[in-house]
Amino acid sequence: MSKVLLLTGATGLIGRHTIAPLLASHCQIHAVTRRPLAHLPDHTALTWHQAALLDPIQIGPLLANVRPTHLLPLAWSVETGKFWSSATNLAWVEASLRLLRTFVSHGGTRVVGAGTCAEYAWNLPECCTPQTPLQPATLYGTAKLALWHMVELFAETHPFSAAWGRIFSPYGPNEQPPRLVAATIRALLCGQEAHCSHGRQVRDFLYAADVAAAFVALLDAPVTGALDIASGEGLRVADLVTEIADQIGRPDLVRLGTLPAPALDPPRLVGDTTRLTCEVGWKPQFTRADALAQTITWWRHHL
């Protein structure tokens, strides 16, 4: 196999969905997780490693042994409600740079990092467009943007190529329970009221499996620089919640306007998928109806 990939965040919302398309692309995968190595997918081309990426002692020996050609670092601490301003963001910048330096020193040639729509300025009526400035309002967005700037400049003087996918609003199985889609589904399946803000915010929702597939496509494409990982279509939060309720058959339990809108809540966050479509040649494979149905089914079995 020509590609040897190191994947971090392999058991996260997006990372777990990258396994299948990576195996289909004939890639030898070395997947890193901090969790105990039990009940994980098994394949002859997939090797699991348990490691704490924030621990500098564990990274060097791992990469010296694996010597990956490609790096897909998806790991980051994103605990709902806390990650926006957490000092852990600074630790992840440090750990990510250490991982990158070690990767390049062992002959790595291709890096695709995971960014965020929080890197954009959110105080504009139309976000995001190619003209939207990069002006994050949170420590999380600032950390991600600073990391990308350093990766991009490092690539100019070292023999590897780098791309950066800015993720918008992913959802799917294994999502953290407090997040919008998961919280709505869980409440309705339990016969409880699903509380929400006014719901007029427009977001770019994309199924986690599609997000993962986009990253795998970007990994294999001769594309550098930053681009949005999104559907390119805006949807009101209220409409998404209503669609979930209709699938479950409990629209009577939806309570819009009972929760305050989050601070710094932008009115519109929709990605620009021009580069993803035209240069990478990728588009979503799941309809929203199918993606929500699969997510609801997963929660039925895991409540």
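How many nonpolar, polar and charged residues does the lining of the second largest pocket have? The tour comes to that pocket at its last stop.

The model is predicted, so local features need pLDDT of at least 70 and side-chain atom pairs count only at pLDDT 80 or more, while totals for chains, interfaces and linings use all residues. Residues are numbered from 1 along each chain as its sequence is written, and side-chain values use heavy atoms, with hydrogens and water left out.

**The nonpolar core**

Select Leu-6, Leu-63, Trp-76, Leu-100, Phe-103, Trp-122 and Phe-160, which touch the most other members of the largest nonpolar core, a set of 39 residues. Such a core consists of buried Ala, Val, Leu, Ile, Met, Phe, Trp, Tyr and Cys residues joined through side-chain atoms within 4.5 Å; buried means under 20% relative accessible area, exposed over 50%, and partly exposed in between, with a 1.4 Å probe and protein chains only. At least two residues of this core come from each of β1 (3-8), α2 (56-66), α3 (88-105), α4 (139-156) and β6 (161-167), and α3 gives the most, with 7 residues. Helices (H or I, at least four residues) and strands (E, at least two) are DSSP runs numbered from the N terminus.

Next, centre on Phe-160, which, not counting residues up to four places away in sequence, touches Leu-100, Val-104, Gly-108, Thr-109, Arg-110, Val-111, Val-151, Phe-154 and Ala-155; contact here means heavy atoms within 4.5 Å.

**Helix α4**

Colour α4, whose 18 residues should span 26 Å at 1.5 Å a residue, in agreement with the 26 Å between its end C-alpha atoms; the expected span is 1.5 Å times one less than the number of residues. Its buried residues are Tyr-140, Gly-141, Ala-143, Lys-144, Leu-145, Leu-147, Trp-148, Val-151 and Ala-155, and what covers them includes α3, β5 (110-116), β6 and β11 (225-229).

Now select Ser-96 in helix α3, which counts as buried because its relative accessibility is 18%. Leaving aside neighbours within four places in sequence, Ser-96 is in contact with Trp-76 and Leu-147. Ser-96, Trp-76 and Leu-147 are also, with Pro-73 and Leu-99, the closest to the centre of the largest cavity among the 21 residues that line it. That cavity has a volume of about 230 Å³, and α3 supplies the largest share of its lining, 5 residues. By class, the lining has 17 nonpolar, 3 polar and 1 charged residues; Ala, Val, Leu, Ile, Met, Phe, Trp, Tyr, Cys and Pro count as nonpolar, Asp, Glu, Lys and Arg as charged, and the others, Gly among them, as polar.

On a 1 Å grid over the protein atoms alone, a cavity is a set of points where a 1.4 Å probe fits but cannot get out, and a pocket is an open set with protein on both sides within 12 Å along at least five of seven lines, lining residues having an atom within 4 Å of a point. Grid points are joined across faces, edges and corners, and a volume is the space filled by probe spheres set on the points.

**The second largest pocket**

Finally, select Phe-205, Leu-206, Ser-231, Glu-233 and Arg-288, which lie nearest the centre of the second largest pocket among its 15 lining residues. About 240 Å³ of space lies in this pocket, and β10 (205-207) and α9 (288-302) each give two or more residues to its lining. The opening count is 8 nonpolar, 3 polar and 4 charged residues.
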